[in-house]
Amino acid sequence: MECITKLPQRFNKNKSKKNPLRVFDSTVLNHQLDHIPQEFVWPDHEKPSTNVPILQVPVIDLEGFLSNDPFLVSEAKILVSEAAKQHGFFLVTNHGVDERLLSTAHTLMDTFFKSPTCEKLKAQRKWGETTGYASSFVGRFKENLPWKETLSFSFSPKNKSENHSQTVKDYIIKTMGDGYKDFGSVYQEYAETMSNLSLKIMELLGMSLGIKRRHFREFFEDNESIFRLNYYPKCKQPDLVLGTGPHCDPTSLTILQQDQVSGLQVFVENQWQSIPPIPHALVVNIGDTLMALTNGIYKSCLHRAVVNSDMTRKTLAFFLCPKVDKVVKPPSELEGERAYPDFTWSMLLEFTMKHYRADMNTLEEFTNWLKNKGSF
């Protein structure tokens, strides 16, 4: 049966509060309207600019670090420490991820995102959950909506979890059908690969802080993480919208695979700066949870994604998170005067899913929320 996407009533010229926006369809918005709906137009002080300087971020040779060569290990520790203290962003190369897997995972995104809307809605994300398809933030927020679609999965290493809902492949087949078996297999392998890679990066981060090499690795070995496909369609007025609004990741560590379309910007030294794609390199950044784990020593930095009028941009993001009931607190070597109270990842996740839209102040607002016993 053919699926037909209808123009949401709220996008008609005679807007009605009784007909709220129900779905984000960039094709409809770009070709059937003479303006970008107000829900997607960002305030003037947050509107994007493509004319921004390039942020100089260190490139970490992960193979060199893992070789245990004293000089290469020392060099990697210095580079990652400087970046993590300043803005929390760095690149990794020689990371051991099969280039064919990266290429296939990127190409296969079109299988889902170019399918009819009613097909995508089989995996529609429910309120308060992290798993499923999200059509912008339609239905969740009324303004400053991002110009993007996402498909998110929960993930935990198979040997560490008996929860099959954490298996990407099982989730995809259950929600989308047997026709998506190959799709599910690729992204299951991708999530497992990124989980393993993130544990190696955690070893480097631990050593750079002067704590035991395996401390963070062991803390995250039974991780309950989030894996997300981001699809940023082209926009006829890209100077009005944002693909993703300014925010700090509430998670622990993000590994981002960019395609060759620029769009990632980071707010450093009081200005937006870009991190353009570099072939074979993955972008890594620190999130709020790891900032708390390091007692504020390593920084979670404000960043956003911009879109353009010529090309769709696609990225894949693996968000490393601890097991939901694990207590987030710094190792004894880093305790000193505590910057943040103890909490579990499930508490912060609930806060960002049900009470607060992630931005540059998420961790501070969450801390206040905890002090007020959740009466946000």
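**Ground rules.** I am working with a predicted model, in which local features need pLDDT of at least 70 and side-chain atom pairs count only at pLDDT 80 or more, while totals for chains, interfaces and linings use all residues. I number residues from 1 along each chain as its sequence is written, and side-chain values use heavy atoms, with hydrogens and water left out.

**The largest pocket.** I noted that a pocket here is an open set of points on a 1 Å grid over the protein atoms alone, where a 1.4 Å probe fits and protein lies on both sides within 12 Å along at least five of seven lines. I found about 890 Å³ of space in the largest pocket, a volume being the space filled by probe spheres set on the points, which are joined across faces, edges and corners. Its lining (residues with an atom within 4 Å of a point) has 45 residues, and Lys 148, Thr 244, His 247, Asp 249 and Ala 358 lie nearest the centre. Among the elements that each give at least two lining residues I wrote down β5 (225-232), β12 (313-320) and α11 (345-355); helices are DSSP runs of H or I with at least four residues, strands are runs of E with at least two, and both are numbered from the N terminus. Sorted by class, the lining holds 21 nonpolar, 14 polar and ten charged residues, where Ala, Val, Leu, Ile, Met, Phe, Trp, Tyr, Cys and Pro count as nonpolar, Asp, Glu, Lys and Arg as charged, and the others, Gly among them, as polar.

**Cysteines.** I looked for disulfides, meaning pairs of cysteine sulfur atoms within 2.5 Å, and the count came to zero. Cys 235 is buried because its relative accessibility is 1%, and Cys 321 is buried because its value is 0%; buried means under 20% relative accessible area, exposed over 50%, and partly exposed in between, with a 1.4 Å probe and protein chains only.

**Two asparagines.** I saw that Asn 94, although not a glycine, has a positive phi of about 45°, and that it sits in the loop between β2 (89-93) and α4 (99-107). Asn 94 is partly exposed, at 43%. Asn 270 is also not a glycine and has a positive phi of about 65°; I placed it in the loop between β8 (264-268) and β9 (271-274), and at 69% it counts as exposed.

**Thr 367.** I located Thr 367 in helix α12 (residues 362-371), where it counts as buried because its relative accessibility is 9%. Leaving aside residues up to four places away in sequence, Thr 367 touches Tyr 340 and Pro 341, a contact being heavy atoms within 4.5 Å.
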